[in-house]
Amino acid sequence: MLSGDNAVVIAMAIQNLPPEQAKRAAIAGGLGAVLLRIGFTALAAELLGIPLLQAIGGVVLFGIAYQLLMAEEAAEAGKPAYTFRAAVVSIVTADLVMSLDNILAIGGASHGNLLLLLLGLAISIPLVLWGSTILADWMRRYSILVYLGAAVIAWTAGSMIVGDPWVAQRLVALPWVSLVVPLLGALGVLGLGYWRRPKKSTGAS
């Protein structure tokens with residue numbers, strides 16, 4: 001389940017790349033996600049003790065969702081979209097951010113057993129790569145899925161912000177915020193992307 005948001009990010013980043021580059025970018029992003037989760041799980045206690053770290057990660061993820069959406073709209077307008085390098089950077093950055101939100105679940109499921117942790121992550125590699133490849137193919141065919149993907153990433157970003165321990169302690173009396181903030185984040189990214197969308201190229205000189 002936790003691989004789902006990573007697969008969406010990878011799919012959005014690679015969909016406008018040539019097939020061979022898309023495959024290499026997906027592999028690089030998938031392996032990066034696994035390595036980051038291993039490292040973050042080992043440092044879970046220290047990382048979660050940093051105030052607002054998860055909330056800051058959520059803000060960064062909002063920016064990634066917006067950039068991926070704008071790259072798709074640039075491609076539709078006939079303008080340059082993501083390069084291989086830009087796609088890999090976006091994938092790794094998003095994985096880095098989302099790993100902050102995943103380490104508690106991963107650590108809890110493995111009960112501190114390194115072998116179980118590595119086995120579970122090894123199984124998740126093909127899920128991320130296979131899922132992102134299929135999603136990217138669907139996104140090439142149906143552009144509406146790109147906007148849904150951006151909304152999913154933005155929703156995850158909003159959930160990270162309200163789920164940050166420092167933020168959650170101050171919102172304990174406002175349980176509805178856990179739904180409102182992610183929803184507003186998703187709508188905000190889509191609205192900003194629509195407002196800032198590039199003009200389609202007419203081919204005139």
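Visitor: In which helix is isoleucine 153 found?
Guide: In this predicted model, the protein chain has 9 helices and 0 strands, and the place to look is among those helices. Isoleucine 153 is found in helix H7.

Visitor: Is isoleucine 153 buried or exposed?
Guide: The relative accessible area of isoleucine 153 is 1%. A residue counts as buried under 20% and as exposed over 50%. Because 1% falls under the cut-off of 20%, isoleucine 153 is buried.

Visitor: Which residues is isoleucine 153 in contact with, leaving aside its neighbours within four places in sequence?
Guide: Contact here asks for heavy atoms within 4.5 Å. With the neighbours within four places in sequence left aside, the residues in contact with isoleucine 153 are Val8, Val9, Met12, Leu61, Ala65 and Leu68.

Visitor: How many Å apart in space are isoleucine 153 and methionine 98, C-alpha to C-alpha?
Guide: Along the sequence, isoleucine 153 and methionine 98 are 55 residues apart. In space, going from C-alpha to C-alpha, the distance between isoleucine 153 and methionine 98 is 9.6 Å.

Visitor: Is leucine 148 buried, partly exposed or exposed?
Guide: Leucine 148 also has its place in helix H7, which covers residues 144–163, and its relative accessible area is 48%. Buried means under 20% and exposed means over 50%, with partly exposed in between.

Technical notes: Residues numbered from 1 in each chain as written. Predicted model: local features only at pLDDT ≥ 70, side-chain atom pairs only at ≥ 80, totals over all residues. Heavy atoms only, no water. Helix = DSSP H or I, 4+ residues; strand = E, 2+ residues; numbered from the N terminus. Buried < 20%, exposed > 50% of the residue type's maximum accessible area, 1.4 Å probe, protein only.
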